[in-house]
Amino acid sequence: MLPTSKAPPPPLPLALCSLQRILLALASLTLISYTFLSLRSLYPPLQFHYHHPHLSINPNPPPPPPQVDADADRTRDGDSEVLSSTYQSDRIRGGDGDSVYHSPEVFRRNYEEMERNFKVFIYPDGDPNTFYQTPRKLTGKYASEGYFFQNIRESRFRTDDPDRAHLFFIPISCHKMRGKGTTYENMTVIVRNYVESLISKYPYWNRTLGADHFFVTCHDVGVRATEGLPFLVKNSIRVVCSPSYDVSYIPHKDVALPQVLQPFALPAGGNDIENRTILGFWAGHRNSRIRVILARVWENDTELAISNNRINRAIGELVYQKTFYRTKFCICPGGSQVNSARITDSIHYGCVPVILSNYYDLPFNDILDWRKFSLILKEDDVYQLKSILKAISDDEFIALHKRLVEVQKHFVWHSPPTKFDAFHMVMWLLESTSCFAAKGVLNRSNANSRGRNQRLSMGS
């Protein structure tokens with residue numbers, strides 16, 4: 001009987017290959033585990049839903065209130081004590097001390113640099129008597145667009161030398177088109193023809209595919225008209241009054257323009273806390289879901305002055321504006337768009353704004369810490385609105401009001417523009433975005449140089 005022979009050992013290269021695969025699998029599992037743990041540390045579990053960003057998180061929060069049918073009128077006063085005790089234990093966050101700015105020193109240095117060096121070239125094409133170059137008017141809900149068109153020509157930032165420009169302004173006004181009765185479809189055609197003519201006539205767009213170009217529109221119809229040009233929306237900087245995250249607005253590329261209803265009917269309010277005896281105030285049209293809910297739930301409340309229509313002028317002169325002077329918190333729900341001129345009205349009259357609008361990139365959000373002078377709530381918080389407002393202590397309200405007065409100068413337009421006004425704040429943000437546009441120019445130039453060198457090396 002032949003002896004049983006053992007199987008020969010596997011070839012050495014095959015054994016090494018198997019060992020390498022095992023080590024590679026172990027390394028992959030280790031990497032996946034480490035990544036998972038890292039992500040968990042970066043994104044802690046969400047807190048209960050009615051907490052708002054303005055107030056700090058209680059380390060041991062009470063359990064959330066029971067869910068109630070959203071379509072039914074919520075019980076308001078029944079939850080008041082529970083919510084009030086929760087909010088009373090919270091305190092206003094302090095980002096950089098008590099400053100209203102995220103980084104006061106960075107803002108100051110960049111502002112000075114902007115005033116010294118920042119330049120914008122305005123394309124000269126287009127008849128000012130039609131839709132180009134000049135504003136339609138400097139009054140009304142869309143005054144911000146008009147003021148920008150006027151201010152850019154009055155300012156030190158304008159240059160007639162495109163080689164010195166950091167950004168290029170496309171001076172087409174959808175507000176003027178709207179005033180002349182232009183339809184939405186025709187607006188899109190007019191904008192497309194104008195932009196394409198600039199692209200074919202000048203070399204500047206093609207250097208960055210429009211990354212260093214911007215346009216300004218406050219009217220929501222104008223926003224929709226420009227959205228008919230995908231390359232304009234994707235590449236250029238859009239300065240708009242309706243900066244909503246859930247549409248094509250891109251934060252940190254685009255710029256939120258404050259909607260300011262100028263001229264203001266009455267002087268600025270402030271340092272008048274003793275006169276503010278109304279807890280919360282809103283009056284307006286029910287042209288959005290959040291406004292319908294706000295009016296339905298709180299219209300008959302005795303501590304909140306909520307009306308589903310603007311105050312009738314027959315009641316008295318400027319009653320609507322004067323009510324701002326007597327109110328602590330002014331409710332600012334989104335309307336047909338996320339934005340509302342009521343926010344800047346509240347700031348002007350010294351009434352702490354309560355933002356009730358989802359997906360809203362607030363104006364100057366990269367500069368100002370809105371939590372220091374306003375309350376920012378989710379739309380679902382409307383059912384607990386009264387409890388949230390009553391939970392703000394007197395000291396916290398005084399701090400909010402004091403900081404609100406500090407930022408008033410940033411939410412007003414002047415002609416000619418003045419230091420730190422709304423125009424200069426918009427220009428600060430544009431100057432910041434121009435740094436990224438300049439980087440795009442450099443990268444594109446380097447890519448072109450590499451392409452030329454490659455062609456030369458290939459003898460082409």
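**A tour of the cysteines**

Begin by selecting Cys332: its sulfur lies 6.5 Å from the closest cysteine sulfur, in Cys330, which is too far for a bond. A disulfide requires sulfur atoms within 2.5 Å. The model on display is a predicted one, and it holds two disulfides.

The torsion about their S-S bond is about 110°, so the link is right-handed. The pair connects distant parts of the chain, 21 residues apart: Cys330 belongs to strand β9 (residues 327-333), while Cys351 sits in the loop between α12 (342-349) and β10 (352-356). Both ends are buried, Cys330 with a relative accessible area of 1% and Cys351 at 0%.

Next, select Cys218 and Cys241. Their sulfur atoms are 2.1 Å apart and form a disulfide. Here the angle about the S-S bond is -95°, and the link is left-handed. This pair, too, ties together distant parts of the chain: Cys218 is found in the loop between β4 (213-217) and α8 (220-226), and Cys241 in the loop between β5 (237-240) and β6 (255-256), 23 residues apart. Cys218 is buried, with a relative accessible area of 3%, and Cys241 is buried as well, at 0%.

Counting bonded cysteines along the chain, the pattern is 1-2, 3-4.

Finish at Cys174, a buried residue with a relative accessible area of 3%.

Key:
Residues are numbered from 1 along each chain as its sequence is written. This is a predicted model: local features need pLDDT of at least 70, side-chain atom pairs count only at pLDDT 80 or more; totals for chains, interfaces and linings use all residues. Side-chain values use heavy atoms; hydrogens and water are left out. Helices (H or I, at least four residues) and strands (E, at least two) are DSSP runs, numbered from the N terminus. Buried means under 20% relative accessible area, exposed over 50%, partly exposed in between (1.4 Å probe, protein chains only).
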